[in-house]
Amino acid sequence: MSTSARKAALACVLAVVEDDAYANIAMSTIVREAGLSQRDAAFATELAYGSLRMSGFYDEVISVASGREPSSLEATVRAVLWIGAHQALDMSTPPHATVSESVDLAKHGGAARASGLVNAVMRRITERTREEWVSAVAPGNGITDLSIRTSHPEWIVAELEASLAARGRSGELEALLDSHNDAAAVTLASRPGLIDRDALASQSGGTATEYSPYGVVLKAGSPGKVAAVRDGAAGVQDEGSQLVAAALASAAARPASAQERWLDACAGPGGKTALLGALAAERGATLAALELHPHRATLVRDNVRSLPRGVVDVHVGDATEWNGGPFDRILVDAPCTGLGALRRRPEARWRRSPEDLRELTDLQTRILAHSATRLAPGGVIAYVTCSPVLAETREIVEASGLEQLDARAALADVTGTGLEAWGQGPDVQLWTHAHGTDSMYLALLTAPDGR
Ligand SMILES: C[S@@+](CC[C@H](N)C(=O)[O-])C[C@H]1O[C@@H](n2cnc3c(N)ncnc32)[C@H](O)[C@@H]1O
């Protein structure tokens with residue numbers, strides 16, 4: 001592969017670690033400015049994302065191979081070594097090529113003075129296979145070794161372990177952690193009434209998702225090249241996100257009004273709003289979409305631009321105090337740590353902290369409590385996060401005083417599966433390693449006295 005692809009990967013990694021950039025945004029700018037071919041862009045993306053994801057493991061390897069603390073290395077040198085380690089240990093690049101390409105990258109990437117060091121360290125790294133390095137630096141089954149070999153911060157491993165245990169899935173921790181290190185396929189959602197799933201599959205060359213009746217997994221190519229995505233008849237959306245939105249539409253509510261009113265309380269950027277809006281249109285309902293940040297409300301408007309007029313109404317406002325309604329169905333897709341979508345954001349695991357969790361749980365509690373005041377008698381709230389962490393899922397729901405409906409029944413209805421496919425209930429935790437979706441959480445809630 002070309003030097004310019006490796007330089008693009010290095011620029012992306014450095015943008016993330018030095019400037020706090022998001023990898024996907026940095027990479028798309030770098031690819032455009034460097035004019036990379038599709039093939040080189042894919043290679044650069046794999047190198048950069050893989051290096052960022054696995055940097056915890058690669059740091060341990062570099063530490064042994066260099067005899068130095070990786071954090072003491074210049075950022076460019078450390079990034080060149082991550083990229084080299086990724087080529088050698090994950091992409092099966094032959095040792096000789098990996099060493100010379102790493103030295104070349106150091107020379108052309110602004111770390112020429114360290115090319116001797118890069119050469120020596122990469123020679124040592126390429127003397128062992130990935131399995132041999134795992135045996136050397138993290139062979140055990142404790143949290144520390146798991147965290148090193150799957151490249152996750154220890155606090156995240158502990159949170160995921162607790163959540164799996166609460167769902168009777170204690171033996172699945174390593175499979176879950178490994179699933180965050182595989183790149184996610186791009187999934188599209190067809191919006192009912194605008195395009196049906198089969199038409200989207202044939203137009204995009206994709207295949208039907210396993211569970212969602214709206215989803216299509218793209219096999220190759222960019223979603224921007226699919227006409228239905230450009231037209232707003234379909235959007236890029238994880239299958240788990242499709243399922244939780246569809247479950248709310250399908251939940252057994254007892255609405256007072258013939259024409260139901262729905263609310264999406266945390267709507268930006270509007271992926272779920274678009275699917276819910278399409279389902280609302282089919283059922284003669286309307287959907288209010290609320291978003292705190294004006295720029296994200298703009299994204300919601302863009303996402304729903306192709307839905308029939310008058311169905312979705314976008315508002316800028318704060319879900320802890322906004323007084324619209326009452327509503328028969330409310331989606332609270334709460335701001336969360338996003339630890340259920342780690343496979344999509346290579347840098348996210350290193351950016352989050354336990355302090356974020358404390359702040360978010362307070363906000364989640366307040367949004368859910370206020371949303372409950374906007375609920376019509378007999379109405380249903382779907383409380384959703386793209387995180388399986390207990391503190392921001394089950395514990396928020398249990399503390400809310402709201403009554404849980406069986407979310408498994410709604411998912412079974414949407415997907416045509418049995419209840420047992422969705423765990424012990426009444427809430428549902430989707431898992432990346434088990435369902436192939438982001439690890440989304442869903443609880444369906446109603447006022448305790450059926451108010
Ligand atoms: C998890 S995201 C929602 C994703 C969205 N449902 C989708 O599928 O595209 C949470 C959203 O809530 C918004 N938000 C945060 N605090 C809010 C608040 N107090 N009121 C309303 N929206 C809020 C964030 O800006 C963010 O856009």
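Of the 451 residues in the protein chain, 52% are buried, a residue being counted as buried if 20 or more other C-beta atoms lie within 10 Å of its own, as exposed if 12 or fewer do, and as partly exposed in between, with C-beta atoms placed from the backbone. The model is a predicted one, in which local features need pLDDT of at least 70 and side-chain atom pairs count only at pLDDT 80 or more, whereas totals for chains, interfaces and linings use all residues. Residues are numbered from 1 along each chain as its sequence is written. The secondary structure of the protein chain comprises 21 helices and 12 strands, these being DSSP runs numbered from the N terminus, with helices (H or I) of at least four residues and strands (E) of at least two. The radius of gyration of the protein chain is 23 Å, close to the 22 Å that the globule rule gives for 451 residues, so the chain is as compact as a globular protein of that length; the radius is taken over C-alpha atoms, and the rule is 2.2 Å times the number of residues to the power 0.38. Along the principal axes, the C-alpha atoms of the protein chain fill a box of roughly 75 × 45 × 40 Å. Among contacts between residues at least 6 apart in sequence, 73% join residues at least 24 apart, two residues being in contact if their C-beta atoms, placed from the backbone, lie within 7 Å.

An unreviewed UniProt entry lists Cys266, Ala267, Gly268, Pro269, Gly270, Gly271, Lys272, Glu291 and Asp333 under "binding site". These residues span 68 residues in sequence, yet no two of their C-alpha atoms are more than 12.7 Å apart, so they gather at one spot. UniProt positions are given in the numbering used here, feature names are shortened, and annotations may be inferred rather than shown by experiment. Cysteine 266 is placed in the loop between strand 5 (261–264) and helix 15 (271–282), and is buried, with 23 other C-beta atoms within 10 Å. Leaving aside neighbours within four places in sequence, cysteine 266 is in contact with Ala319, Val332, Asp333, Ala334, Pro335 and Ile367. Glycine 268 lies in the loop between strand 5 and helix 15 and is buried, with 24 other C-beta atoms within 10 Å; not counting residues up to four places away in sequence, glycine 268 touches Glu291, His293, Arg296, Ala297, Leu299 and Val300.

Strand 5 pairs with strand 6 in the parallel sense over 4 bridges, where pairing requires that DSSP find at least two bridges between two strands. Tryptophan 262 stands opposite leucine 287 in strand 6. In strand 6 (residues 286–291), 5 of the 6 residues are buried, so the strand is largely enclosed by the rest of the structure.

Helix 18 (residues 354–373) has 20 residues and reaches 30 Å from its first C-alpha to its last, close to the 28 Å expected at 1.5 Å a residue, the expected span being 1.5 Å times one less than the number of residues. Leu360, Thr361, Gln364, Ile367, Leu368, Ser371 and Ala372 are buried in helix 18. They cover an arc of only 140 degrees around the axis, which puts them on the same side of helix 18; the arc is that of the directions from the helix axis to the C-beta atoms. These buried residues of helix 18 pack against strand 8 (327–333), strand 9 (375–385) and helix 19 (394–399), whereas the face turned away from the buried side carries the exposed residues Glu355, Arg358, Glu359, Asp362 and Thr373.

The unreviewed UniProt entry places the feature "active site" at Cys386. Cysteine 386 is located in the loop between strand 9 and helix 19 and counts as buried, with 24 C-beta neighbours inside 10 Å. Not counting residues up to four places away in sequence, cysteine 386 touches Cys336, Gly338, Gly340, Ala341, Asp438 and Met440.

In helix 20 (residues 407–415), the residues Ala407, Arg408, Ala410, Leu411 and Val414 are buried. They cover an arc of only 160 degrees around the axis, which puts them on the same side of helix 20. The elements that cover these buried residues include helix 14 (239–250), strand 10 (403–405), strand 11 (428–429) and strand 12 (441–446). Just after helix 20, glycine 416 adopts a positive phi of about 75 degrees.
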